[in-house]
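Thanks for coming. I will walk through one model, and I will keep to what can be computed from its atoms.

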Amino acid sequence: MAASYDLIVIGGGPSGMAAAIRAKEKGVKDILIIEREEDLGGALVPCIHNGFGKDVLGKEVTGPELIHFFISKLDEFNIEYKLSTIVIDFNSEGIITYMNPKEGICFIKAKSVIFATGSREKYTGKIHIATKNYTGIYTLGTVHRLINLQGYLPGKEVVIMDSSDISMIVARSLVVEGADVKAIIESSSEIKATQSKNKEIPKDFNIPILYNSVIKEVMGKERVSKVKILNKETNEYSEIDCDGLVLSVAWRSEIDLLKKARIKIEERSLTPLINEDLMTSQKGVFVCGTLINTKSLVKRSIETGYIAGEAAEKYIREYTSIYS
């Protein structure tokens, strides 16, 4: 028989931990968090810069510091969590199949399930330059993890495509670690970063931004050594020598498990259809974090985690009332 919990949270990032904590605070007893990585924290793990947790802690801290706060709460509330554990199936009857090195393949079920599986970088075919033949080409998320978690510098002379907040943070990290960011290439006429402190990074670190520009060609032998840039306003080309190119690719919600359970997905955004309580088309199944909106900041992800946790507690209470 499958082991049973009151609530199972799939995903141990900030939204998943927030959901479990809020549900526990509201009275849910048996809670399990399942996390596929070796550590809890999700997208916060490589974020070693300040700027997180003001609404939770009353001050801004680094990503790891905010993770530590949430983990201390999980331990305080005796909320169980399994690491290095992959959920491989979630069926329409609510049975979850997971696998990890210690237990092998196991089956569990719960009165309610919260999906906090987040989103991941995925190539969508919108980058119209040949990149597969060269080394030295990375995505923003990959570079962020390489620098902050592994101490690996992906290049000494780097070009970054895109001027979003994460692009600015990665550019700063590269400069701090000793790289020369030769240019940030922005296709529009203004910077995309929304946070004022990130908008100031190019000026603070003397990083040039080429506006109204796109990368038209990548050159090199085995490794990228040069990129050709087109200015869309003047129709003029220029070249930049580099040994690293950082690309901005689309983020997509992790919906594979939801689709297996035949939960309805919005066709255009490829995110789950939800009501105001973040419940999906399947009763008792809720979602939170960047699974709902891939562009959500950590603050909003935590807020949706709290909403999902409260909604799950209400559902479990009503469920118990009906079936007790």
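**T280 and other buried sites**

T280 is buried, at a relative accessible area of 7%; buried here means under 20% relative accessible area, exposed means over 50%, and partly exposed is in between, with a 1.4 Å probe and protein chains only. Before going on, the conventions: this is a predicted model, local features need pLDDT of at least 70, side-chain atom pairs count only at pLDDT 80 or more, and totals for chains, interfaces and linings use all residues. Residues are numbered from 1 along each chain as its sequence is written, and side-chain values use heavy atoms, with hydrogens and water left out.

Back to T280, which sits in the loop between β20 (271–272) and β21. Helices (H or I, at least four residues) and strands (E, at least two) are DSSP runs, numbered from the N terminus. Which residues is T280 in contact with, leaving aside its neighbours within four places in sequence? They are I263, P272, L273, I274, V285 and V287, where contact means heavy atoms within 4.5 Å.

Next is E186, in the loop between β12 (180–185) and α6 (196–199). Its relative accessible area is 0%, so E186 is buried. Once neighbours within four places in sequence are set aside, E186 has contacts with D162, S163, K192, I209, L210, Y211, N212 and S213. The C-alpha atoms of E186 and M161 are 6.6 Å apart, and the two residues are 25 apart in sequence.

The side chains of K192 and D162 meet in a salt bridge, at 3.1 Å from N to O; a salt bridge is a side-chain nitrogen of Lys or Arg within 4 Å of a carboxyl oxygen of Asp or Glu. D162 is buried at 10% relative accessible area, whereas K192 is partly exposed at 41%.

**Other salt bridges**

How many salt bridges are there by this rule? The count is 20. One of them joins E25 and R22, at 3.0 Å from N to O. Both residues are in helix α1 (residues 14–25), 3 residues apart, about one helical turn. As background, an α-helix has 3.6 residues a turn, so residues three or four places apart point the same way. E25 is partly exposed at 45% relative accessible area, while R22 counts as buried at 19%.

R22 also lies over the face of Y306, 4.0 Å from the ring centre. The rule for a charge over a ring is that NZ of Lys or CZ of Arg is within 6 Å of the ring centre and within 35 degrees of the ring normal. Another case is K228, whose charged end sits over the ring of Y237, 5.6 Å from its centre.

In helix α9, E303 and R300 are likewise 3 residues apart, about one helical turn. Their salt bridge has its closest N and O atoms 3.2 Å apart. E303 is partly exposed at 31% relative accessible area, and R300 is partly exposed at 40%. Elsewhere, salt bridges that share partners join R36, E37, R120 and E254 into one network.

**Aromatic pairs**

The structure holds 3 aromatic pairs. Rings of Phe, Tyr and Trp (its six-membered ring) pair if their centres lie within 6.5 Å; planes under 30 degrees apart count as stacked, over 60 as edge-to-face and the rest as tilted. The ring centres of F286 and Y315 are 6.3 Å apart and the planes are at 70°, so this pair is edge-to-face. F286 is in strand β21 (residues 285–287) and Y315 in helix α9 (residues 298–323), so the pair links distant parts of the chain, 29 residues apart. F286 is buried, at 2% relative accessible area.

**Helix α4**

In helix α4 (residues 140–150), the buried residues are L140, G141, V143, H144, L146, I147 and N148. What covers them? The cover includes β9 (119–121), β10 (137–139), β11 (157–161), α5 (165–176) and β17 (244–247). After α4 comes G151, with a positive phi near 65°.
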